[in-house]
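This report describes one protein chain, element by element. Look at the sequence and the structure before reading on.

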Amino acid sequence: MKPEDWIIVGVAFSTFAVFILAEWLVWRWRGVRKYDAKDSLANYSLVAMQFWLGVAGKALFIVTALDWIQQRGLQLVPETWWAGVILFFGVDLGYYWFHRLSHRVRFLWAIHESHHSSELMNFSVALRQPPLEPWVDWPFFIALAWVGFSAHAILTMYAFNLFLSVFRSHGTDWQTATLGGMVAEHAFASQSASRYEPRIH
Ligand SMILES: [Zn+2]
């Protein structure tokens with residue numbers, strides 16, 4: 001990771017921390033039990049595991065494999081602002097299918113299930129990220145690398161997409177106000193949370 005990537009990661013996690021603290025205080029003030037210490041500890045443990053396995057997984061697969069594909073691909077992407085817009089929707093589409101298949105394919109569901117294992121719904125639960133996902137998500141971005149997006153650009157946009165997803169799948173009134181509420185993943189996430197949908201019954 002480049003030094004500026006660590007700054008982005010630091011800003012993202014600091015933002016989560018502020019929202020978690022604010023939400024915890026609001027519910028505590030209202031006398032509603034929305035947070036549980038053990039449940040929150042599980043969330044933080046999983047995001048820590050995913051972060052370090054993710055660094056290894058992304059170095060192995062996304063950076064190595066996708067840059068290899070990009071160098072042998074069409075290399076059609078110009079250095080303009082609208083290429084970033086295409087990348088935003090391309091990454092969202094790739095993540096949509098990865099998430100959708102994570103609820104359909106048993107192997108992927110075995111990895112993804114921990115994300116939906118909490119009985120509570122709060123901001124810290126959004127950090128309950130499956131540790132092994134960074135090892136299996138990269139094939140969904142092969143097409144983007146093939147047309148010319150670099151692995152670093154895909155990875156940065158993917159991190160931004162996940163950052164937005166924390167707010168759009170959270171279940172508060174705030175989610176409709178976020179940009180993420182407009183993109184494809186939201187429609188699936190809101191109707192498929194916490195369940196496995198086998199293709200063959
Ligand atoms: Zn899911």
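## Terms and overall layout

The model described here is predicted.

The chain has 7 helices and 0 strands. Read from the N terminus, its elements follow the order α-α-α-α-α-α-α. Of its 201 residues, 27% count as buried. Among contacts with a separation of 6 or more, 76% are made by residues 24 or more positions apart.

## Confidence

The mean pLDDT of the chain is 80, and 83% of the residues reach 70 or more. Confidence is highest in H5, at 96, and lowest in helix H7 (residues 184-192), where the mean is 43. Over residues 171-193 the pLDDT is below 50, yet in the model this stretch has 37 contacts beyond near neighbours in sequence.

## Helix H1

Helix H1 covers residues 3-30. With 28 residues at 1.5 Å a residue, H1 should span 40 Å, and its end C-alpha atoms are 41 Å apart, so the two values agree. How many of the 28 residues of H1 are buried? The count is 1, so H1 is hardly covered. Just after H1, Gly31 takes a positive phi of about 80 degrees.

Helix H2 (37-72) has 36 residues, which should span 52 Å at 1.5 Å a residue. The end C-alpha atoms of H2 are 49 Å apart, which agrees. H2 has a kink of about 45 degrees, centred on Lys58. Lys58 is also buried, and the other buried residues of H2 include Asn43, Gln50, Gly54, Gly57, Ile62, Leu66 and Gln70.

Is Ser40 buried or exposed? Ser40 counts as buried because it has 20 C-beta neighbours inside 10 Å, and the cut-off for a buried residue is 20 or more. Leaving out residues up to four places away in sequence, Ser40 touches Tyr35 and Ser124. Ser40 and Leu120 are 80 residues apart in sequence, but their C-alpha atoms are 9.5 Å apart in space.

The loop between H2 and H3 holds Gln75. Gln75 has a positive phi of about 50 degrees, although it is not a glycine. Gln75 is exposed, because 11 other C-beta atoms lie within 10 Å and a residue with 12 or fewer counts as exposed.

Helix H3 (81-102) has 22 residues. At 1.5 Å a residue H3 should span 32 Å, and its end C-alpha atoms are 32 Å apart, which agrees.

Trp109 lies in helix H4 (residues 106-112). Trp109 is partly exposed, because the number of other C-beta atoms within 10 Å is 17, between the cut-offs for exposed and buried. His99 and Trp109 are 10 residues apart along the chain, and their C-alpha atoms are separated by 9.3 Å.

## The nonpolar cores

In soluble globular proteins, nonpolar side chains tend to be buried together. In this model, the largest nonpolar core has 15 residues. Those with the most contacts inside it are Leu66, Val91, Phe141, Leu144, Ala145 and Ile154. Which helices each supply at least two residues of this core? They are H2, H3, helix H5 (142-147) and helix H6 (151-168). H6 gives the largest share, 5 residues.

Val91 touches Phe141, Leu144, Ile154, Met157, Tyr158 and Asn161, not counting residues up to four places away in sequence. Apart from this core lies another, of 8 residues, among them Val125, Ala126, Leu127 and Phe167.

Methods: Residues numbered from 1 in each chain as written. Helix = DSSP H or I, 4+ residues; strand = E, 2+ residues; numbered from the N terminus. Expected span 1.5 Å × (residues − 1). Core = buried A, V, L, I, M, F, W, Y, C linked by C-beta atoms within 7 Å. Contact = placed C-beta atoms within 7 Å. pLDDT = per-residue confidence, 0-100. Bend = angle between axes of the 7 residues up to and from the residue.
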